[in-house]
Amino acid sequence: MYIRGVAGIGKTRLSAEFAEMAAAHADHHQAEVLDFGTRADEGPLMQLTRSLLQTSAEAKAEILDEALLLARLSALRLPREHAMLLRPLLGLPQPEEAQSLYAAMTPATRSQRLVLALRDLLLARSIHRPQLVVVEDLHWADEALLATLTGLLQGTQEAPVIWLFTSRLEQDPLESRLRPQLPELPLTLIELPPLRPQEAEALVASYGTVPAEHAARCVTQAQGNPLFLTQLLLFHPHRSLPASLANLVQSKLDQLTDLDRRAMCIAAVMGQRFSLASLQEVLRQADYQPELPQRYSLVRPLEEGSYRFVHDLILQGIYEGIPKIQRDRLHLRLAALYGEAEPGLRARHLHRARSLEAPNAFLQAVAAEMARYRHEEAMVLLRDCRAIDYAPKDEYRLMLLQGQVAMATGQIQAAREHFEAARSFAREECQRITADLWLARVLNMLDALAAEEAILDGLLPLAEALEDPLPLAEALYLKGNLYFPRGDFATSRAYHTRALEQARRGGDVRTEIQALSGLGDAHYAEGQMLSTLELFDHCVTLCRTHGHADLEASNLFMLGTARIYANQTDAALADCFDAAELGKRVGNRRAEVVARLTAGWILLSQGEPYAADEQIEQALTVARGLGSGRFEAFLLESQARVELITGRLAEARASIERAWQLVEQHGLKAFIGPWVLGTRALLEEEPETRLATLQEGEALLDAGCVGHNGYRFLVTAAEVSLLDRRPEAARHYAQRLTQLMGAEPCAWGEHHCALIEAYADWLENGQAEGEKGGEESTLKALRACWHRGEAAGLVMTLPRLAASRH
């Protein structure tokens, strides 16, 4: 239900009547959007959350602490994890583990998870009793609030939940921002026109005995506006009526004591809702109570310790009547009162006073909001700061913060533009270095690698000249990343080694983790799986020790990958499941995709094709949503193996052909070309084509590829050769695998080399000897090899040979 009309037309009164009618049948939750004077955690979502967590109307004064929050969630049978999303709205601190996870989430993930938590609260309550949710003054709502409400409307559409919104006609978001997102949502729209004369007279009659002449004058003067009319009716009948509501408010102020008048002026500067304690402090009257203003219908009490003006037009009437010099002084006093505890309110009051301190205060407030992960509020503060035209601004800091907020909220191209602007405003070398580092990060995300390298090449000499090792560590890490996609793993490793040294020298654990991760990737790319395992194990330990959950998901799936080659199969699978779940929770969808992909490999290896298929399907859905052809190709290779094992050969061949098309389309031959070609050969019917496919894969391997290709292609190529009864060719591939492992032999590789040799021996020796004893000897050795593999979870790494055993 949507009620709209001009200010003072009776929207709040009508919504209150609806709420009263529903009281016997539904729980009532009330929230209002305010335009000024409230903290970021006092907004409508906070009001709604508190109401949804209360057990009854009598519990409104109850303080919602951590224990009570968890008890409410438990009573409603909701996940304990929802508490992490609700604590910021309730002003509660996060426990250490939850804080790490909350910090790791992308802003989009936090917003989505908050919508789910609030939706679940509403749905859980609606099981027992219908819910009425009233949100007033939607014309002041920002984009973040409207997006949350849209999500809640969609999520509760089938539940016994009635939403009631009020909005003024000016700035009404219904047609421009709500309807386009909710085209099929049932809606009752009520537009309130001015009162007709007979309606105005009925309203007058509800006020008891009013002299007829005075009543007639009030009706005429109010011109159909109920708020103006009700305020006029309270006016003395023998005095001349004010010409406007503003004049009426000033007349009421004239009837107050000096103390009450000063209090109302301070309150009007504070905003529509105000704290009595803050009012008493600014007024310097510790025992002040607004009894007379309440009697004159200027303000009304809310929960204990706070009040609000009866209507925004009353506030405006008082505020605009305060001489500007006095208003400015009050804003400055309130800015001093809020200080560092409320940087956003401090900045806004300085702005209203047109103080020269306002721009810097806004930038401090933006940094504070970003530290609390309230990026939407940070964007609003930045917008207000940009609009300042009465004081000089620190354009460098402004552009840098705009870039950081844009980057955090996924606006990567905008972030690039802001960081480039910050570079141009940099006045000192350290500012230039900081801007360059942020710009390099963004250019990497945009795959503008040539531009990134140019920035880093100019930056590195400047960073090396600094005494601070941290900028140098970051620059070296980013430079090392550039060499990885080129296949120059030795140079990548050299830069990451230097980055690690500088990070440790500066005590920067985050860059230390990133450098270790870069080293792990380089060792993995060169097929050195034991070093890879050691490095990623250290990465994950540091992530967990120091609370870097955003880095943990990516490092954890790589730890799981490295464990595969150590034959730590069960631990590898557990790591991948944990990484997939963590990636999903924090919004790192890439980590989720690769973790599920890797879990699929392991499950296939263990002979669990249907469980593997479930992981692959989930990962494919996410990968296609991300538009990631690279991971889709990888997943289709796994899907082809699932289809092979479950006897769907035609589908398997179609999947591997599509995978190869994506490899060629996206230039992925060095990344997974031989791996895919190995599986393609395994599924190929024609012997000549099989052989040609293996030759093509080996040529790509010789040209230089990421290390996993060697392990996977050589094992599959050996399987194809054994199936074709070419034991010498199979031995050739086993020897190449031994050479690949070099000084770092791994259990996975050694097992497959031994299995291939045993199978080749069985093909050659058992049949060539023509003696039953020789054949039994080689067969016994082969079976022993298979059994050792099964014990390590390597049941289906050679799927066609495994199937031929039965």
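Some ground rules before the close-ups: residue numbers start from 1 along each chain as its sequence is written, and side-chain values use heavy atoms, with hydrogens and water left out. Because this is a predicted model, local features need pLDDT of at least 70 and side-chain atom pairs count only at pLDDT 80 or more, while totals for chains, interfaces and linings use all residues.

**View 1. E175 and R4 pair up in a salt bridge.** Their side chains meet at 3.9 Å, N to O; a salt bridge here is a side-chain nitrogen of Lys or Arg within 4 Å of a carboxyl oxygen of Asp or Glu. E175 sits in helix α8 (residues 174–178) and R4 in strand β1 (residues 2–5), so the contact ties together parts that are 171 residues apart in sequence. Helices (H or I, at least four residues) and strands (E, at least two) are DSSP runs, numbered from the N terminus. R4 counts as buried at 11% relative accessibility, whereas E175, at 42%, is partly exposed. For these words, buried means under 20% relative accessible area, exposed over 50%, and partly exposed in between (1.4 Å probe, protein chains only).

**View 2. D724 reaches R690.** The closest N and O atoms of this salt bridge are 2.8 Å apart. D724 is in the loop between α37 (708–723) and α38 (727–741), and R690 is in helix α36 (residues 687–703), 34 residues apart. D724 is partly exposed at 26%; R690 is buried at 13%.

**View 3. R736 and E698 form another salt bridge.** Here the N to O distance is 3.0 Å. R736 belongs to helix α38 and E698 to helix α36, 38 residues apart. E698 is buried, with 14% relative accessibility. Across the whole structure, the search turns up 52 salt bridges.

**View 4. Inside the largest cavity.** What volume does the largest cavity have? About 150 Å³, taken as the space filled by probe spheres set on grid points joined across faces, edges and corners. A cavity is a set of points, on a 1 Å grid over the protein atoms alone, where a 1.4 Å probe fits but cannot get out; lining residues have an atom within 4 Å of a point. The largest cavity has 13 lining residues, with W601, R641, W675, R712 and T797 nearest its centre. Helices α31 (589–605), α33 (629–645) and α37 each give two or more residues to that lining. The whole structure has four cavities of 30 Å³ or more.

Note on methods
On a 1 Å grid over the protein atoms alone, a cavity is a set of points where a 1.4 Å probe fits but cannot get out, and a pocket is an open set with protein on both sides within 12 Å along at least five of seven lines; lining residues have an atom within 4 Å of a point.
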